[in-house]
Amino acid sequence: MNVCRTTGLTVDQQERWPFLYSHLSSEIEIPSLDATDEQYIIEMDKEISRILKHIGDGKAKSRESLTRHLQGLLQRRFQRNAKVEAFGSSVTGLSLGTGDLDLCLSFKREQPKKVLRKVAGLLREEGMMDIQQIPRAKIPIVKFNDSRSGLEVDISIENRLAIYNSKMLKAYAQDNRVREFILMIKYWASRRGINTAYEGTLSSYAWTLMSIQHLQMTNPPVAPNRQSGNKPKIVEINGESYDISNDSSPFESENTQSLASLLISFFDRFATRWDWNEMVVSIRNGGPLNAEKKRWTHTGPLPLEVVTGQSKNRMEHIMPIEDPFDHNHDLSRIVKAEGAMTIQEEFMRALHLISEGKSWREICTPVMEIDEEPEDFFHDLRTQNIDSLKESLEEMKSEVSQVEEHIQSLVTERQNSKELLDLLRGTLQETRNVKSNRQSILAELRPLSMKVQELRQTRDGINDRIAIPTKRIRQEMVRMFNSLTAEVDVFNTQNLGKEKGDFSYFFELQAMYKASIESNEAHQEFIRLRREQNKEYKALKETNSKEEDVLNRLIEKNPELKGINLHPKTVKEFQENANALQKSINIQYSKKHELRREIGRIEAWIRIAASKGKQRPKRDSKPRTSRPRAPSVNINEVRERASTGGSFSLNELDALLSKGGLSGIESKEKSSPSNPSARRKSGRKKTSYRVDPRQGRKRGKKQSRK
Ligand code: CTP
Ligand code: MG
């Protein structure tokens, strides 16, 4: 393998990080941006304002309705104990329209156990895709994709600090220049593929903090420090206290720099002047903190040492960025060696391109492209007869209607199945309550019956032995006592034998009396417990009829429940059925999507062929052997225009489509080729040509970095 002696980088790595490599191997000098041409800044500002015009959260409505849907869903699942709040770019006003939807699930009372699994299960039931659980993170997260809107969603649990810091970012973003500056940095980082924390680069949030730090440090400052001089506002989260005070009052800046000039100074600062070994980005400080004082100096190997295999040790504080509320949290914790190299490469690249007078668009050229499309997008259509193409177009359109009908019926079926499922769950829950009530009555009744039995035996045992009632015994005892204690008649004395007999009869009476009292007491207790027992029996009977009542009531309201076996197993079966239906719905949706894409492609080709006139393939023309060339246009330039929704000619459209930039063809369905203004309008409306690195990654293979 060819490895550079100075840096240890392989050829592949040299190509991957060309600017950085040139610097590391001392081939080129770091350019200075001190004397950037004024005209260049003016041009760049114009470009930026054109880009900003087209940045909007086109999915804002989908985000809102999905948030509402999930709110309802989770509240129902957790019996109103749950609270769902949005945070991140959908609330801060810092959305490029391509970001994810960040939601926080918190609980008003105690957090249910295994909550992540429950949420994931619920999402599965809802037919969400690519559900991923990250349970061991400091903040547990469920990630998924909403199949309808295509939105990527992160639901994090008890992420309260994020709600507070989003509020503060919103306050920073209320100033238009600050908001637009952050958007441009996020735009650059997103298009250059360095804003993906889980892949080892920095999060959008970290880029936002760096942007704010830069604006706080300009002279005069463009952004204030919203955390200084406030009355502390302490919140406690998981036993830790945080000061979340945030001054959200408007800030009048005396700085008059334009966005372009601020962007240039941003690159100048972070590419060359910022010493990551000594400085910590800290917006709560309004400027860098000393890394040594904060004990955040870089430890472990350098990224270069890791990527060249010289060390496998862990790097700490590689680009220290302090969270404004959680001061122990370094946002560069997740940056991997390759990520750090790429970030440095991007800073170097931006610096060089600016110094060479390159446009902002070029600086932000997307790194990822969908490269699985054929070179010539219409290759299979060029040789086909237009009439037969029109025929297949009609067939496809009717197939789309059929698929739509199919989807509709599946959706209705699933809806019914889900309603029944909810009903079954509710019924089971209601009867479960009655059942558990019965269980507890039975649990009390069992020892009560035993006690009653015991008392009855005691009482009857005594009564069997003593036939005389207690009253009679007492009378007998009194009589005997009187007789035994009467004055002695000296003339009529009893004999000793009789006297002995009387005494023993008296003692016997005494014992009988005691037993008789015991029997009476047992009888009283027996009566009391029998009464209690009767009450319980009555309650038991009531629960039986209550269960019947509940069932009858439910069946009366929902006749569809009749005949269904009310058992947890049945619920499971219904659940599986609903899941299977959702899968079929998803399949039909993607079928519809494919069909519409193909319809768009054929329609575009028919229009192009019609406009080409002479070049139009003849009815029975033979297939061409060599691949026709795409019209000669500057594809990069067309792409740039398409990415911001600018207008372009049919030739350019052809070229764009032939290079794979085809999303949005559908929007041109109705525009007539002879009506360029309509074409322009539809082109402008649809801005989905923007290539998001994440989409690129999902849909196509990664291309090597440019
Ligand atoms: N957040 C955080 N700590 C992190 C990362 C993110 O507290 N380490 C919170 C912040 O409140 C941030 C939100 O999560 O606003 C969303 O982060 P992220 O998606 O990176 O930022 P967005 O501005 O939403 O970016 P995008 O538009 O690309 O989704
Ligand atoms: Mg986000």
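Is Gly200 buried or exposed? I looked this up first. Gly200 is buried, at a relative accessible area of 0%. Buried means under 20% relative accessible area, exposed over 50%, and partly exposed in between, with a 1.4 Å probe and protein chains only.

**Ground rules.** I am reading a predicted model, where local features need pLDDT of at least 70, side-chain atom pairs count only at pLDDT 80 or more, and totals for chains, interfaces and linings use all residues. Residues are numbered from 1 along each chain as its sequence is written, chains are lettered from A and ligands numbered from 1 in the order in which they are written, and side-chain values use heavy atoms, with hydrogens and water left out.

**The whole chain.** I noted 22 helices and nine strands in the protein chain. Helices (H or I, at least four residues) and strands (E, at least two) are DSSP runs, numbered from the N terminus. The chain has 706 residues, and 45% of them are buried. I then turned to contacts, meaning heavy atoms within 4.5 Å. Among contacts with a separation of 6 or more, 72% join residues 24 or more positions apart. The chain exposes about 39000 Å², and carbon and sulfur atoms supply 48% of that. Such areas come from the Shrake-Rupley method with a 1.4 Å probe; for residues, only the protein chains shown count as cover.

**Around Gly200.** I placed Gly200 in the loop between α8 (176-191) and α9. Leaving out residues up to four places away in sequence, Gly200 touches Ile334, Val335, Lys336, Gly339 and Ala340. Ile334 is 134 residues away in sequence, yet the two C-alpha atoms are 5.8 Å apart.

Next I checked Lys336. This residue sits in the loop between α12 (303-307) and α13. Lys336 counts as partly exposed because its relative accessibility is 48%. Its C-alpha atom is 4.6 Å from that of Gly200, across 136 residues of chain. Beyond four places in sequence, Lys336 also contacts Tyr198, Glu199 and Met315, among others.

**Two helices.** I compared the length of α13 (residues 337-355) with expectation. The expected span is 1.5 Å times one less than the number of residues. For its 19 residues that gives 27 Å, and the end C-alpha atoms are 27 Å apart, so the two agree. Of those 19 residues, 16 are buried. Gly357 follows α13, with a positive phi near 75°.

I repeated this for α10 (residues 259-273). Its 15 residues should span 21 Å, and the end C-alpha atoms are 20 Å apart, which agrees. Here 12 of 15 residues are buried, including Leu259, Phe266 and Arg269. The buried residues of α10 pack against α3 (38-54), α8, α9, α13 and α14 (360-363).

**Ligand 1.** Which residues come nearest to ligand 1? Of the 17 around it, I listed Ser89, Asp100, Asn165, Lys186 and Ser204. A residue is near if one of its heavy atoms lies within 4 Å.

I looked for polar contacts (a pair of N or O atoms within 3.5 Å). Polar side-chain atoms reach oxygen atoms of the ligand at 2.7 Å from Ser89, 2.6 Å from Asp100 and 3.0 Å from Lys186. Taken alone, ligand 1 exposes 580 Å², of which the protein buries 84%.

α7 (160-173) and α9 (204-217) each supply at least two shell residues. α7 gives the most, with four.

Technical notes. Polar contact = N/O pair within 3.5 Å; in protein donor to acceptor, adjacent residues only side chain to side chain.
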